[in-house]
Each structure stands twice: as C-alpha cells, then as structure tokens.
Amino acid sequence: MNAEMGLIQRLGLSFPSAVRELFDRWPAMVQLSNTALVLVVFIVFEFVILRASRLPAEAYFEPILTVALVEHFGWLLSIGTSLFVVVLSRYGTLLRPWETIERRAALRVFVVFLAFVIAWPLTTYGYNYYFDQAHSFDRIALVVLVFLLWWRPLFIYPFVLLAFVLLWQIAEPPLGGSVLAHKLQVLHVLNLFASYLAVRCIFGDVKSGVFIFLACCLVATAYWLPAFGKFQIDWLQHSRLDLVIPAAYAHGWMASLDAETVIAFADTVQPLKVLLALFAIGIETLFLLFLIFRRASLGLLLAAIVFHVGVFAIYGFFFWTWILVDAALFVLLFHVADGDRWIYSRPQLAFSIVLIASGAYWAHPPQLAWHDTRLTYTIRIDAIDAEGNSWPLRPEFFGPYDDVMTMSTFPYLIKDHARLVGSYGVTPNARLADAINTLTSGAELLELEALDTTRQFNEERANMFYEFVLLYVSNRLRSGERLTASQVVAAPPQFWGFRGEKTAEIEDIRFIAISEITTFFDGQSITAVRERELNLIAMGSDPQ
C-alpha cells in the first residue's frame, strides 16, 4: 500500500467528484486547500494545547509534572487521545519515518533544531525554589523527546505538550511582565509542524511546501504586527530611541558602567534616532511582502538578525530564541530552491499578505509598539541580616523567574500614586510621552504624576508577590544552593539587567525589603527622584 496514503484513503473514502474535477482543472487549488486546512488545524491545536498544558498552580509543587498532566487531562480524555493516536498510527502515516516526507533532510534539521532551541532553556534553568522542585524527570523526558524526534516526527506531539507544561511554571504565580512571547515563538512554529503532520497523516500526500509557506507567514507576522502597531500610535514622529539607554540602565543594563558613560552613549545615539527608527520600522513593514521572492526573504531574515543585535546593544533584550528561529528559517529557505515556483507564486504571495496582515487573529504575536520616555519605575529587593547589613537580591537570584524580575515593574504594588509608564519607561500614549519628555526636572515629574488619579494597586496581586518572594527566599535558605550539572550549560537570559553582579549568599536573612525607585533622565543626569520602602517582610512571618 502507498506509504503516502492517509487515513481517508486507507478507509476507502474519497472526495466528491465535483471536488476532484475542480482539483484536476485547477491544480493550484490542491495546495491552497491544503494550506488552509493546515492553518485551521493549527488554530485548533493552539487553542487545545495552550489550555491543556496550563496546569493548575498546585501541580507545580509536585515532583513529576507528567503525572499531573494526565490527571489534568482526565483519564477518559487521555485514553481517548491515545486511541486516536493508535488509529492514526495503524491506518494513517503517523509512524512513518522522516524519509517519507518531502525535503526530509532540511525539514528534519529545521524542526529538531528548533526543538533543541526551546529545550535548552527549559531543561537548564536550575532549581525552582518557589515550588521547591527540580522537575528532573520531566526535563530529562524533554531531552529524550528531542532525540526521539530525530528518529520519528510523531514525537513532536509529546514534545510540544511537555515543553508548554514546563514553560507555564514561569507564569505561576502571575507576577506580571511579558516574558514568554519570544519563547512561545519557537513553540508556535513547532506546533505548526505538528498541525502539518496531522493533516498529512489524515489526507495523505500533503507537500512540505505547505508547512514552509505557513512557517514563513508565522515568522513574518511577528514583525509586521509591531510595525502596524507603530503606525497606529504615530511612533515614527515621536520616536526617541536615545531615551531607551538611560531607561535600560535603570533596569540594570550596563550596570557596571557609570552614569556619565551611559549618558554619553545616549548622546551618541541621539543624532541617529531618526535613522535607527526608519531602519526598525522599515524592516518590520517589509515583512508584509516577505514571500515576494526568495532573495527578499533571505535578506529580510538577515536584516532582522542585525536588528535584534542592535536591540540587545541598546535595550539589553537578548531575543536569542527569536534570532535562532530566523537563522533556522534562513537555512531552510536557502535549501529549498526547488520549491520557489509554488511558494513564491503570485497567488501564494497574495495569500501570504492576507495571512501576515491578519496574524493578530491566528498567530497572536506580541504587538511591540510604544513610545520611550525619560521616566522609569523599578523595584528593588534587598536581604537584611541580623546586624542590619543588606544585599540586593538580583534577578539572577530568582531563577527561573529572573526575566520576570528584570522586566516587570509590578505596578500593582503601588497604592498612593499613579504609574505613568510601564517597564523601561514606555507608554502607547504619544501625548503623555511628549509631556514627560518636555519636563526638565524630577520635581516637575512628580507634579505631572499627581495630576493622574488612576491607581493600579491590587491588594490580592501585591500579597501574591510578597508571598512569592518570602517563599522563594525561605526555601532557598532552607535547602541551600542547589547547583546542578545543567546550570553549567544554562541558556542565556532574554532580559539582561545586573548580569555579572551575583548576589552573595546570606546565611542569616532576617528581613526582606521591597523598595520602589523612580528614575528621571533630564538630558544631563540620571536621578532617582523617589526611593522608598514598600514593605519590610520578616522571615517566617505573614508577608501581608
């Protein structure tokens, strides 16, 4: 029996004659319908997997997440899913090796490489002191699944599901901060491949170009949507990329440098702000035409990588997962020249523009569009010993929540004044940004802040944050430093702040002080215009 026959053919079913005649008359309709079908399955898979893998917070306190996942699914659903997989394996092509897939070598490397990219941070993050668990079994299982995926493509399903389960622990408890989007970019591409594999298993010989086409659209929309968002808020006219540098400095980026050096760097960037802004929005906008021809695709991916390197230099945002997705797609497209005729055809270009432009509804990439300001809010956490000595607990201390602790400003902790801007001093409001950027002193800033009567304080979330800090520090003190072999090859963080300034281990912490710092850059100096204690938590006490 033909190895490329799917479940439908093996069951003796077929499409209606009218549909077959249409496909015979218009061969391009076959690829178009297959593309639409994979897209629909992807949307369904995203909905199901994102919810099925989101375990309740209590599950992460258990040593093995895989068992909790089965319990979360329920035995009936787990058995039903297993039976469905057995049917697809027996009558479909689910058990077929990579060799049965068109462009098997390039696709195999692409998919397994991306699996490694996301498995790296999810298996080397160290011990989670909040849940007081290492989840070693699950992390080892994820590594094993990477090797099994190289053997058979069907292992994409347990891999994606377990990867999502491990990733969601960073969102429990919900401390705030958008820190998962760029890791999710990798998982979305892998989930797209899982969708393609399912359609191919059911309907038979679905060309791999369908997956490559949709992967291109998925990656491209993650750039186009921020460009669209920037046009909506009139970003180019109000762009102040030079203000990013002191804001990033307030969050700990380039913390080893003195303020004068950082200001000099901002002064160097200031004359280039328009040119840099044009480059950024130009690259993002051109991704709408990502599939106009292959050389354009390759050029845009290289430009995007350069763009990310620049973002790292200025912001300290090291989106290395996103960079590696772009690099992997570059290599894949470089090796599929034989597919140019269909992937880069005029009908497909039109279809790709529709998909990329509508990505907010099916791909859900982050809409990275904002205005930069002179104002920055940050939170500092200090440990205090019995003699009153204090040490800052840097973001690295709170791994795997270090990205969260670097990125978020936790506005729900603040009772008595408004927070005018978000993390790194950004706001979507152009008028507010202009108002802040025309101020010349910290006193004027506080006057402007007093005019805003809104408050983001949330007592429930504030108590959750204080409980998190207390539990994390308490467990770490009780257990001691748990260094594992995996941490030797740990993946780099995505948000860099105070890196290289490791917190000294304190054996006798009596209090934890949570402080708010408001920083203002007047063009000449970076000044802390407000620095005050929000809460002093005694170890062993109720943090509320």
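Me: How many helices and strands are there in the chain?

Reply: This is a predicted model, in which local features need pLDDT of at least 70 and side-chain atom pairs count only at pLDDT 80 or more, while totals for chains, interfaces and linings use all residues. Residues are numbered from 1 along each chain as its sequence is written, and side-chain values use heavy atoms, with hydrogens and water left out. Helices (H or I, at least four residues) and strands (E, at least two) are DSSP runs, numbered from the N terminus. Counted that way, the chain has 23 helices and six strands.

Me: What percentage of the residues of the chain count as buried?

Reply: A residue is buried under 20% relative accessible area, exposed over 50% and partly exposed in between (1.4 Å probe, protein chains only). Of the 544 residues in the chain, the buried share is 54%.

Me: What share of the contacts with a separation of 6 or more is between residues 24 or more positions apart?

Reply: A contact here means heavy atoms within 4.5 Å. Take the contacts in the chain with a separation of 6 or more: the share joining residues 24 or more positions apart is 79%.

Me: Let's look at one helix. How far apart are the end C-alpha atoms of α9?

Reply: Helix α9 covers residues 181–203, which is 23 residues. The expected span of a helix is 1.5 Å times one less than its number of residues, so α9 should span 33 Å. The model agrees with that, as the end C-alpha atoms of α9 are apart by 32 Å.

Me: How many residues of α9 are buried?

Reply: Helix α9 is largely enclosed by the rest of the structure. Just after this helix, glycine 204 takes a positive phi of about 100°. Of the 23 residues of α9, the number buried is 21.

Me: How many charged residues does the contact of α10 with α18 have?

Reply: Residues including Phe213, Leu214 and Trp224 in α10 meet residues including Phe351, Leu355 and Ile356 in α18. Ala, Val, Leu, Ile, Met, Phe, Trp, Tyr, Cys and Pro count as nonpolar, Asp, Glu, Lys and Arg as charged, and the others, Gly among them, as polar. The contact has nine nonpolar and three polar residues, and the count of charged ones is no residues.

Me: What is the handedness of the crossing where α15 passes α16?

Reply: Helix α15 (residues 294–315) and helix α16 (residues 320–334) pack at about 160° with their axes 10 Å apart, and they are therefore roughly antiparallel. A crossing is left-handed if the near helix is turned anticlockwise from the far one by less than a right angle, and right-handed if clockwise. The crossing of α15 with α16 is left-handed.

Me: Is tyrosine 424 buried or exposed?

Reply: Tyrosine 424 lies in the loop between α20 and β4 (426–427). Its phi is positive, about 60°, although it is not a glycine. At 3% relative accessibility, tyrosine 424 counts as buried.

Me: Which residues does lysine 415 touch, not counting those up to four places away in sequence?

Reply: Lysine 415 is also found in the loop between α20 and β4, and at 60% relative accessibility it counts as exposed. Lysine 415 and glutamine 456 are 41 residues apart in sequence and 7.6 Å apart in space, C-alpha to C-alpha. The residues that lysine 415 touches are Arg455 and Phe457.

Key
Axes are lines fitted to C-alpha atoms, for helices over the stretch in contact, and angles run from 0 to 180 degrees between N-to-C directions. Angles under 35 degrees count as roughly parallel, over 145 as roughly antiparallel, 65 to 115 as roughly perpendicular and the rest as oblique.
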